[in-house]
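User: I am new to this structure and would like a short walk through it. Could we begin with the pockets?
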Amino acid sequence: MTDGSNKTEAQQRSGTNGPAIQVTAIEVIAIVVSLIWLIGVALFFLVLPGADDGASQIDSLRFVMTLMAIFLPIAMIWIAAMAARSARVVREESQRLQAAIDGIRQTYLADRNARGAGIEPTVERKLNEIARATQKTETTLATFATSRPTATVAAAPRPAPTSGDDQPSLALGTTAEEISPPISKPDLVRALNFPDTEADEVGFAALRRALKDRTAKQLIQASQDVLTLLSQDGIYMDDLRPDRARPEIWRRFAGGERGKTVAPLGGVRDRSSLALTAGRMREDMIFRDTAHHFLRKYDQMLVAFEQDASDEDIAALAETRTSRAFMLLGRVTGAFD
């Protein structure tokens, strides 16, 4: 339909109702040159003396006019050929440009219609589900069945009723997060990857356990904020395929090394994601502050995580969505330099 309407419009523009043809400087120059040529020919044949009065002069002029008569039409033919070729190139470029513009317009209209119909990208929908689930977790944590280590349960039997003086008491200001056991590395890794679907019970269970740990909770919230902002530009961690870095490189970065030795951590090669993220860092102050906050929290987590983690634990951590966001933002901000 678009091609047909474009052709119809072009035909209407080229019809009788189109703009009148105007004489430009090119036509004026062509007319003047043509008149000069006609005047020169008339002078040669009518005004110049006869053969008896100046035979040698006429021979010289005849030779010049013969050369012009031979080579001037050839030159005009080549000029016309080059002009036609240039016009063809310009016409083809215009067609390609029009096709590209039509494609961009159709993509924009399709995307706008999809958003107007309430269709969300899959990963963005997952992030929204994760956000809603995270908000519900803190208020309804008691309704979920969580698994605790057997030793912890056995070590904390229910005390028998005693008098008020004998009851144990917690230190003033102590919160449940501070007295809870530290999160295990498999649970932290699973939580930093976020649940895949609403039915991912293992992922949500790991996320609930991680939210009980204050340090892990801060990192998860920072990661969720960053992933949500990146999704606004169409950047999703599931689409990235960064180059894998060896566990010893992660250990060197956790130990404070920077420069060429830890550069493989910035293994994200997607140019569009890098360009969009870099532009957002320059133009959006909220995004920039959120990204730097996330990088600090991840760096603090990695320093503590690496101390007693195995190579398999570090390799699993590097595959999470949070780590991919760290690689992307770390390369854009120069954190590995």
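User: Which element gives the largest share of the lining of the second largest pocket?
Analyst: This is a predicted model. In it, helix α12 supplies the largest share of that lining, with four residues.

User: How much space lies in the second largest pocket?
Analyst: The second largest pocket holds about 260 Å³ of space. Its lining consists of 13 residues, and those closest to the centre are Ile183, Leu188, Met301, Ala304 and Phe305.

User: Which elements give two or more residues to that lining?
Analyst: They are α7 (185-193), α9 (214-232) and α12 (285-307).

User: And how do the lining residues of this pocket divide by class?
Analyst: Eight are nonpolar, three are polar and two are charged.

User: Let us turn to α12 and helix α11. At what angle do their axes cross?
Analyst: The axes of α11 (residues 271-283) and α12 cross at roughly 110° and come within 6 Å. Angles of 65 to 115 degrees count as roughly perpendicular, so α11 and α12 are described as roughly perpendicular to each other.

User: Which residues make that contact?
Analyst: From α11 come Thr277, Arg280, Met281, Arg282 and Glu283, while α12 contributes Met285, Phe287, Arg288, Ala291 and His292. By class, the contact of α11 with α12 has four nonpolar, two polar and four charged residues.

User: What about α8 and α9: how do their axes cross?
Analyst: Helix α8 (residues 201-211) and α9 have axes that cross at roughly 120° and come within 7 Å. Helix α8 is therefore oblique to α9.

User: Which residues are involved there?
Analyst: Leu207, Ala210 and Leu211 of α8 meet Ala216, Lys217 and Ile220 of α9. The contact of α8 with α9 comprises five nonpolar residues, no polar ones and one charged residue.

User: A change of topic: how many salt bridges are there in the whole structure?
Analyst: A search of the whole structure gives 15 salt bridges. One of them joins the side chains of arginine 209 and aspartate 187, at 2.8 Å from N to O.

User: Where in the chain do arginine 209 and aspartate 187 lie?
Analyst: Arginine 209 belongs to helix α8 and aspartate 187 to helix α7. The two residues are 22 residues apart, and the pair links distant parts of the chain.

Technical notes: Residues are numbered from 1 along each chain as its sequence is written. This is a predicted model: local features need pLDDT of at least 70, side-chain atom pairs count only at pLDDT 80 or more; totals for chains, interfaces and linings use all residues. Side-chain values use heavy atoms; hydrogens and water are left out. On a 1 Å grid over the protein atoms alone, a cavity is a set of points where a 1.4 Å probe fits but cannot get out, and a pocket is an open set with protein on both sides within 12 Å along at least five of seven lines; lining residues have an atom within 4 Å of a point. Grid points are joined across faces, edges and corners, and a volume is the space filled by probe spheres set on the points. Ala, Val, Leu, Ile, Met, Phe, Trp, Tyr, Cys and Pro count as nonpolar, Asp, Glu, Lys and Arg as charged, and the others, Gly among them, as polar. Axes are lines fitted to C-alpha atoms, for helices over the stretch in contact, and angles run from 0 to 180 degrees between N-to-C directions. Angles under 35 degrees count as roughly parallel, over 145 as roughly antiparallel, 65 to 115 as roughly perpendicular and the rest as oblique. Contact means heavy atoms within 4.5 Å. A salt bridge is a side-chain nitrogen of Lys or Arg within 4 Å of a carboxyl oxygen of Asp or Glu.
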